[in-house]
Amino acid sequence: MWEKYFIEKHDCERVNKNEKRGDLQKNGRYYEYKSSGYNQDNSVHIVQIRPWQDCDYIVQSISDDGAITFVLMHAEMMLEMQKLKAARAHGTQALVNNENIEYRMTLKRDSEHWNRWINNYRKEDEIFQ
């Protein structure tokens with residue numbers, strides 16, 4: 001639902017899943033969109049991270065007081081996966097020579113990691129205007 005809203009609001013183009021370039025395209029750039037609603041553990045849960053896809057990332061933390069949007073280049077997301085200790089998502093097991101493993105990670109609000117994301121990746125709503 002949030003992905004569809006974001007695409008319509010920012011006049012983005014939906015990307016065909018067969019392209020393996022994320023969810024949307026805007027101004028010649030491809031993005032994987034991730035959103036996480038406010039939850040009891042005060043965290044942003046980012047799931048189904050696909051490192052093999054050739055795209056950047058938009059992560060939104062959505063709560064009653066609005067949305068905070070983060071935009072990370074592919075290389076930045078790979079670094080954050082290390083820093084936040086990303087793990088395999090959905091119990092996927094590593095198969096021999098399988099590079100297409102999806103990952104998940106959690107960003108706790110009001111933590112040093114949260115503050116780093118706010119300082120380095122937060123973007124205002126008009127980034128796609």
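Guide: One term to start with: two strands count as paired if DSSP finds at least two bridges between them. Also, this is a predicted model.
Visitor: Okay. Which residue is the bridge partner of Ile49 in β8?
Guide: Tyr103 in β8 is the bridge partner of Ile49.
Visitor: And how many bridges join β4 and β8?
Guide: There are 5 bridges. Strand β4 covers residues 43–49, strand β8 covers residues 103–108, and their pairing is antiparallel.
Visitor: What holds paired strands together in general?
Guide: Backbone hydrogen bonds, in either a parallel or an antiparallel arrangement.
Visitor: What about β7, how many bridges does that strand make with β8?
Guide: Strand β7, residues 87–88, pairs with β8 over 2 bridges, again antiparallel. Ala87 has Arg104 as its bridge partner in β8.
Visitor: So what is the strand order in the sheet?
Guide: The order is β4-β8-β7, in an open sheet of 3 strands. The edges are β4 and β7, each pairing on one side only.
Visitor: New topic: which strands does helix α2 touch?
Guide: Helix α2, residues 74–83, packs on the sheet and touches β4 and β8. Its direction makes about 75 degrees with that of β8.
Visitor: And where does α3 lie?
Guide: Helix α3, residues 112–121, lies across β4 and β8. It runs at about 95 degrees to β8.

Note on methods: Residues numbered from 1 in each chain as written. Predicted model: local features only at pLDDT ≥ 70, side-chain atom pairs only at ≥ 80, totals over all residues. Heavy atoms only, no water. Helix = DSSP H or I, 4+ residues; strand = E, 2+ residues; numbered from the N terminus. Contact = heavy atoms within 4.5 Å. Axes fitted to C-alpha atoms, helices over the stretch in contact; angles between N-to-C directions.
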